[in-house]
Amino acid sequence: MFQHRSHLGIENGHLTIGGVDTVALAEKFGTPLYVTDESRIRANYQRFQRAFPNADIYYAAKANYNLSILRILAQEGAGADVFSDGELFCALKAGFSPGKILFNGNSKTDAELNMAVQEGVRLSVDSLDELRTLSKIAEAQGKEAEIAFRVNPDVSPKTHPKIATGLKTSKFGIPHAEVVSAYKEALALKNVKPVGIHCHIGSQILDVAPFADAARRMMELVEQVNKIGVELKFVDLGGGLGIPYKPGEKVPSPSELADAVLPIFEERTKSMGITPKLILEPGRHIVADSTILLTRVNTIKKAHKNFVGVDAGFNLLLRPVMYDAYHEVVVANKADQSPSDTYTVVGPICESGDILASDRNLPKVEKGDLIAILDVGAYGFSMSSQYNGRPRCAEVLVCDRSAEAIRERESYDDLLRCQVIPSRLRI
Ligand code: LLP
């Protein structure tokens, strides 16, 4: 179970994270509870940076934009990929330098474009329409916006359809065949300067071949736009490297990704005699396995299956429902016990799809036990909601064998926050 997760262990029969007893954490901070190991994030980031020593790593803030986690990555020297004004706001608060932030998005508001120009961050432009709007906005501010185009390279990443983003049919990017004319228009427009090229083909990709395909297609375009006089400062190949969620799952490492992509990038830039920076935008790989979700068993029911009802549902972890995603489950207070039966772990939400883990072999599960759901650091809390009137849970960061809250548990008042009752409806 813990082969590739050296931050998890077992002491006195209890699951530990970063050397801290999860049973004690649940008692101190309550459940449900997201728990993140800081050193694991730093190690994941450093592994990626070592694999691409000359590249800039722009952490994809969408995976997890808790301020402390952003702060850790800013300290490590990462840049940031942001996908909204809110993510930009958080990245700036966390201390990312505006020069190392790329504002992505396929449907940005004028207010978001204004904010990006104001803050001096680069933008990845998703359409000609957006380009024209941006040019006017930058002109009105008397500024020049540095841009890349998001290219749709038409590459199949062989992942879940909802997270394949570089297919011809996807909503993202400028179609491959129209990219050169988009750069021509950008060169002719005022207050925008094309300095980069960008793609992102999908997420949880388990094979390096699609990355190499995308890199080849991108480098062909680099050659074409270079010929029309665009001086590219960067080539951004996006994120998407998968992680092993299932036991024994084979996943390429960052260095295997580098072996597949760097020769293509280096050979082509060398032959063109240009020196753009390579940028990568990993999210999941940096944070996913750093974090577990602790959830308490409310009730056990033997029906069609052995149902284990816990206090976290798809309000706090949407991935199993949304993508049929697999997350490993451990009975944290019985972590050294052998499986004795098959259980299906379900949340408290009013929908039959609220299943966190199906048909798992676990030690005998009883009311009051503590379940840990593994690898939830990416797209876990960041996709949470208050559905069914459930305040969001707390988050804790473990460092040097001690734990601190990095987000307080929401209260009932937080369910009401921002709501306004017209006076005629007041009690
Ligand atoms: N760059 C761009 C432009 C992106 O849209 C994304 C993810 C990334 C980078 C980071 O990709 P990563 O390295 O994390 O795979 N909620 C889904 C994943 C959605 C990914 C969306 N874009 C999930 O839970 O699997």
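Tutor: By class, the shell around the ligand comprises seven nonpolar, six polar and six charged residues. Here Ala, Val, Leu, Ile, Met, Phe, Trp, Tyr, Cys and Pro count as nonpolar, Asp, Glu, Lys and Arg as charged, and the others, Gly among them, as polar. This is a predicted model, in which local features need pLDDT of at least 70 and side-chain atom pairs count only at pLDDT 80 or more, while totals for chains, interfaces and linings use all residues. Residues are numbered from 1 along each chain as its sequence is written, and side-chain values use heavy atoms, with hydrogens and water left out.

Student: Which residues around the ligand come nearest?

Tutor: Of the 19 residues around the ligand (a heavy atom within 4 Å), those that come nearest are Ser203, Glu281, Arg319, Tyr323 and Tyr379.

Student: Which side chain has an N or O atom 2.6 Å from an oxygen atom of the ligand?

Tutor: That side chain belongs to Tyr379. Such a pair is a polar contact (N or O atoms within 3.5 Å; within protein, one must be able to donate a hydrogen and the other to accept it, and residues adjacent in sequence count only if both atoms are side-chain atoms). A nitrogen atom of the ligand lies 2.7 Å from a side-chain N or O atom of Tyr323, and a polar backbone atom of Gly240 is 2.8 Å from a ligand oxygen. Taken alone, the ligand exposes 580 Å² (Shrake-Rupley method, 1.4 Å probe), of which the protein buries 93%.

Student: Is Asn64 buried or exposed?

Tutor: Asn64 counts as buried because its relative accessibility is 5%, the limits being under 20% for buried, over 50% for exposed and partly exposed in between (1.4 Å probe, protein chains only). Asn64 lies in the loop between β5 (56-60) and α3 (67-76); helices (H or I, at least four residues) and strands (E, at least two) are DSSP runs, numbered from the N terminus. A polar side-chain atom of Asn64 is 3.0 Å from the backbone oxygen of Gly377.

Student: Which residues in α3 are buried?

Tutor: An α-helix has 3.6 residues a turn, so residues three or four places apart point the same way. In α3, the buried residues are Ile69, Leu70, Ile72, Leu73, Ala74 and Glu76.

Student: What is found at the start of α3, and which residue follows α3?

Tutor: At the start of α3, a side-chain oxygen of Asn66 comes within 2.8 Å of the backbone nitrogen of Ser68. Gly77 follows α3, with a positive phi near 100 degrees.

Student: Where is Ser402 found?

Tutor: Ser402 belongs to strand β21 (residues 402-407). Ser402 is partly exposed because its relative accessible area is 38%. The C-alpha atoms of Ser402 and Lys136 are separated by 51 Å, the two residues being 266 residues apart along the chain.
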